[in-house]
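This report describes the salt bridges of one structure and then the surroundings of its ligand.

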Amino acid sequence: MIVFSGSSCQNLGRKVAESIGARLGEAKIDRFPDDEVYIRVLTPVKGEECVFVQSTLGNDNLVELLLFLDLLRDLGASRVHAVVPYLGYARQDKIFNEGEALSAKTVLKILHEFPDTLTTVNCHFLDKEGTLEFHGIELTNIDAFPLIAGYFKDRLKKPVLIAPDKGSLHYARHAAEVIGCEFDHMQKTRLSSEEVKIETKKLSVKGKDALILDDMISTGGTIIEAAKLLKSQGAASVNVGCVHGVFSHGIDRIKSGVDTLVCTDTLDRGEISAVSVAGLIAKSLKR
Ligand code: R5P
């Protein structure tokens, strides 16, 4: 097996190759003068099983993924596995207002043309792990919540786990089992793409180390509101873990409102990406 890393997942791809004990493929990924994506695979792949690891935050990364997967096929790879740790466009998974594009479905429809298998990590429109279908397209979803919970397990004295909305309750339940703590969820109403209203939960957080786990942080609106509420209810500390650190408005505004902020390396955020999903991806690919 040969593992190639896309430009968004250079470190993660290398770690996946190491975890599987596979070769790391070489490729040149560049830009034409007009900014279009240029790709050349340098490692021979004819008859080889190949993996391409690439998160698709931003349109360029998506184009790179599509070009790379099709190229591996053209070069005669025997099997092609797409690993898309963070799948972009996944949040527009419903038509919220008449006339809107169902972007998650469209992106998936294009994407699934190229690889033999498609693997994601806590894909927004899937609420559990395993091999699942979305609009008739099959993909394997990995759950990294227990891994993040493991990171916090011995770091919090009196942990209590809080999901910011009902959607991540299933994941939160598993994470709470790892820590061995109680869990609850808040009530979230999205007012706009930047603003949310967060309402109270049943469980008391007074004097406890609240841990908010979410699949992703984008603008930070959800986490900032949730952290404010938990602090006003007397939490001793507010700690935040997410799988995908999108941080579209930067990290500082989120870090300043919480005691700890950690994400995985589905998107490389330097030292904030303290939890690596490489082992989980390797395990899933070995199956
Ligand atoms: C929503 O359902 C997700 O789980 C996240 O809570 C959401 O995407 C976070 O977005 P933001 O950081 O912009 O509030």
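## Salt bridges

A search of the whole structure finds twelve salt bridges, each being a side-chain nitrogen of Lys or Arg within 4 Å of a carboxyl oxygen of Asp or Glu. In one of them, the side chains of Asp-116 and Arg-73 meet at 3.0 Å, N to O. Because Asp-116 lies in the loop between helix H3 (103-111) and strand S7 (117-121), while Arg-73 belongs to helix H2 (residues 59-74), the pair ties together parts that are 43 residues apart in sequence.

## Basis of the model

This is a predicted model, in which local features need pLDDT of at least 70 and side-chain atom pairs count only at pLDDT 80 or more, whereas totals for chains, interfaces and linings use all residues. Residues are numbered from 1 along each chain as its sequence is written, and side-chain values use heavy atoms, with hydrogens and water left out.

## The shell around the ligand

The ligand is surrounded by 14 residues (a heavy atom within 4 Å), and the closest are Arg-91, Asp-214, Asp-215, Thr-219 and Thr-222. By class, this shell divides into two nonpolar, six polar and six charged residues, with Gly counted as polar.

Strand S12 (187-190), strand S14 (209-217) and helix H6 (221-232) each supply at least two shell residues, and S14 gives the largest share, four residues; helices (H or I, at least four residues) and strands (E, at least two) are DSSP runs, numbered from the N terminus.

## Polar contacts

Among the polar contacts (N or O atoms within 3.5 Å), an oxygen atom of the ligand lies 2.8 Å from a polar backbone atom of Ser-218, and an oxygen atom of the ligand is 2.8 Å from a polar backbone atom of Gly-220.

How values were computed
Polar contact = N/O pair within 3.5 Å; in protein donor to acceptor, adjacent residues only side chain to side chain.
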